[in-house]
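Hi,

Here is the structure I promised to pass on to you. Please have a look at it first, and then read my notes below.

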Amino acid sequence: MPAYLFFPFIFLGFWYIHAPLLILEHFQEINRAFFQLFSTPLLLRTFFRPIKNEYRQGLVGFSIGMGIVLKSIVILVSLVLFVPLILFELLCLLGFLALPIFTFAIVLWR
């Protein structure tokens, strides 16, 4: 049997198995960079520590409270900005997966 008869199956295997996995790995790197940009892992690790490591007597409680408030705001902002990023990534992945189907449909309708 000629090898070119297997090309559609090779293409479908690439387009719907291999390429989406590579795209998801790329998105994972983008998400990791996003969280590093907003220092989200560091803020979560140091959430209950005083801001600027202020340990002077009388200021420890205030520094811890102020740190919790400021870190909560930054974490909330980063999560609010992360939701559109995830939606954009999902839309790109779905568009990539639907591209051959739409192309085939356009060719058939002409």
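Predicted model: local features only at pLDDT ≥ 70, side-chain atom pairs only at ≥ 80, totals over all residues.

Residues are numbered from 1 along each chain as its sequence is written, and side-chain values use heavy atoms, with hydrogens and water left out.

Aromatic rings

Rings of Phe, Tyr and Trp (its six-membered ring) pair if their centres lie within 6.5 Å; planes under 30 degrees apart count as stacked, over 60 as edge-to-face and the rest as tilted. By this rule there are eight aromatic pairs. In one of them, the ring centres of Phe34 and Phe35 are 5.9 Å apart and the planes stand at 70°, so this pair is edge-to-face. Phe34 is buried, at 13% relative accessibility.

Phe34 also pairs with Phe82, this time in a tilted arrangement with 5.6 Å from centre to centre and 35° between the planes. That pair links distant parts of the chain, since Phe34 is in helix H1 and Phe82 is in helix H3, 48 residues apart. Phe82 counts as buried too, at 16% relative accessibility. Helices here are DSSP runs (H or I, at least four residues), numbered from the N terminus.

Elsewhere, Phe11, Phe14, Trp15 and Phe96 form one aromatic cluster.

Around Asn31

Asn31 is another residue of helix H1, and with a relative accessible area of 15% Asn31 is buried. Which residues does Asn31 contact, leaving aside its neighbours within four places in sequence? They are Phe82, Leu85, Ile86 and Glu89, where contact means heavy atoms within 4.5 Å. With Glu89, the side chain of Asn31 also makes a polar contact of 3.4 Å. A polar contact is a pair of N or O atoms within 3.5 Å; within protein, one must be able to donate a hydrogen and the other to accept it, and residues adjacent in sequence count only if both atoms are side-chain atoms.

Ile86 belongs to helix H3 and is partly exposed, with a relative accessible area of 34%. Although Ile86 and Asn31 are 55 residues apart in sequence, their C-alpha atoms are 8.4 Å apart in space.

The salt bridge

A salt bridge is a side-chain nitrogen of Lys or Arg within 4 Å of a carboxyl oxygen of Asp or Glu, and the count by this rule is one. Glu29 and Arg32 form a salt bridge through their side chains, at 2.7 Å from N to O. Because these two residues are three apart in helix H1, about one helical turn separates Glu29 and Arg32. Glu29 is partly exposed at 45% relative accessible area, and Arg32 is partly exposed at 41%.

A nonpolar patch on the surface

Phe11, Leu12, Phe14, Tyr16, Ile17, Leu21, Leu24, Ile101 and Phe102 make up a nonpolar surface patch, with about 880 Å² of accessible area together. Helix H1 (7-37) and helix H3 (60-109) are the elements that give two or more residues to the patch, and the largest share, seven residues, comes from H1. Patches are made of residues with over 30% relative accessible area and no salt bridge, and nonpolar side chains (Val, Leu, Ile, Met, Phe, Trp, Tyr) are joined within 5 Å, like charges within 9 Å. Accessible areas come from the Shrake-Rupley method with a 1.4 Å probe, and for residues only the protein chains shown count as cover. Phe11, in helix H1, is partly exposed at 37% relative accessibility.

The loop and helix H2

Ser39 lies in the loop between H1 and H2. Ser39 has a positive phi of about 55° although it is not a glycine, and is partly exposed, with a relative accessible area of 30%. Leu44 sits in helix H2 (residues 40-45) and is exposed, with a relative accessible area of 54%.

Best wishes

Technical notes:
Buried < 20%, exposed > 50% of the residue type's maximum accessible area, 1.4 Å probe, protein only.
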